[in-house]
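The sequence and structure are shown first.

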Amino acid sequence: MTAMTPDDLTRQVLGAFEGTPQPRLLELMSSLVGHLHAFAAENRLSPQEWREGIDFLTATGQKCDSERQEFILLSDVLGLSSLIEMINAAGAATEATVLGPFYVAGAPRRAAGEQLGRPQDGEPTLVTGVVTDTRGRALPEATLDVWQSSANGLYDTQDPEQPPFNLRGVFVTGPDGRYRFRTARPVSYPIPTDGPVGGLLQATARHCWRAAHIHAIVSAAGCSPVTTHIFDADNPYLDSDAVFGVRDSLVRPFRPAGPGDPPDVSFVAEMDFTLVPAAQEV
Ligand SMILES: [Fe+2]
């Protein structure tokens, strides 16, 4: 009688899932079991290492609450969030990137050109551009749900000094598809390091900084929405963003304001967005 091998065990577990009625769930569970078993077998994972992994995931879950999402942060630093956005991207649209853990639904709708945030949130900046579809047609009534951190690197949900929905707002494009809003020039900020994900970064000698950015979810009727960022071209972390979110096509100069620009802003960033009509997707 021959002893059971790791391969035998893996086959047995895969067999236990064979009756899964939902085909996609069967596909995903089978793949997950296969990769998970291969990871353990190839690395000869010890019981202690397995236990440390369980403890790490447990602590990650325990760090989560209604405003802190440590599992998304874990997904982000592993590059998984970025990969999911990439493999689900609609071809010719503006490149997507990570949603991140700080999105809050229900931000107030704001008038064109309105100022996000307070004077102490950073250097006054005008952000403007046009939203079109992939055929080049301007999209009126498109919405930009934008959010960013303050000059101290903190989002409103992390900082009791900031009022709710500070540096957050929904802007709507005009008949020509154009939008504009005033905000603070974004700064680099560290992702939260007071939880298990911070411990992981420390243990692997990785830094915790995100390249300076403004978040945007751009939507229009009849088009697929895009979750993306506007990155500041003048930033030292573009090549080593802690969550692997940077795409070259999303990097823009934040140029000093000059003649012809509104007198109340110090910088101007221009960013156009392209959405794919939903019917065009296969
Ligand atoms: Fe962010």
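Why is strand β4 (residues 178-184) largely enclosed by the rest of the structure? In strand β4, 5 of the 7 residues are buried, so the strand is largely enclosed by the rest of the structure. Buried means under 20% relative accessible area, exposed means over 50%, and partly exposed lies in between, with a 1.4 Å probe and protein chains only.

## Basis of the model

The model is predicted: local features need pLDDT of at least 70, side-chain atom pairs count only at pLDDT 80 or more, and totals for chains, interfaces and linings use all residues. Residues are numbered from 1 along each chain as its sequence is written, and side-chain values use heavy atoms, with hydrogens and water left out.

## Iron site

Tyr155 (OH), Tyr189 (OH), His213 (NE2) and His215 (NE2) coordinate the iron ion at 1.9 to 2.1 Å. Donors are N, O and S atoms within 2.8 Å of the metal (3.2 Å for Na, K and Ca); water is not among the atoms, so sites may look incomplete. The angles among the 4 donor atoms run from 92 to 157°, and the site is irregular. Four donors count as tetrahedral if all angles lie between 85 and 135 degrees; four count as square planar and six as octahedral if opposite donors are over 155 degrees apart and all others between 65 and 115; anything else is irregular.

Along the sequence, the donor residues follow the spacing Y-x33-Y-x23-H-x1-H. Tyr189 in strand β5 (residues 189-190) and His213 in strand β7 (residues 213-219) are 24 residues apart, a pair that links distant parts of the chain. Both Tyr189 and His213 are buried. Helices (H or I, at least four residues) and strands (E, at least two) are DSSP runs, numbered from the N terminus.

## Strand pairing

Strand β1 (residues 124-133) pairs with β4 in the antiparallel sense over 7 bridges, and Leu126 stands opposite Arg182 in β4. Two strands pair if DSSP finds at least two bridges between them.

An open sheet of 5 strands has mixed pairing and the order β3-β2-β7-β8-β9. At its edges stand β3 (168-172) and β9 (251-252), each with a single partner strand, so one side of each has no neighbour in the sheet. Within this sheet, strand β2 (residues 143-147) and β7 run antiparallel and are joined by 5 bridges, with Thr143 opposite Ser219 in β7.

## Cysteines

The whole structure contains 0 disulfides, a disulfide being a pair of cysteine sulfur atoms within 2.5 Å. Cys64 is in no disulfide, and the nearest cysteine sulfur, that of Cys208, is 19 Å away. This separation is too far for a bond. Cys64 is partly exposed, with a relative accessible area of 24%, whereas Cys208 is buried, at 16%.

## Cavity and pocket

A search of the whole structure finds 1 cavity of 30 Å³ or more. Among the residues lining the largest cavity are Leu73, Phe102, Tyr189 and Arg210. On a 1 Å grid over the protein atoms alone, a cavity is a set of points where a 1.4 Å probe fits but cannot get out, and a pocket is an open set with protein on both sides within 12 Å along at least five of seven lines; lining residues have an atom within 4 Å of a point.

The largest pocket holds about 620 Å³ of space, where a volume is the space filled by probe spheres set on grid points joined across faces, edges and corners. Its lining has 15 residues, of which Leu36, Phe39, Leu45, Gly53 and Leu57 lie nearest its centre. The elements giving two or more residues to this lining are α2 (23-42), α3 (47-62) and α4 (70-77).
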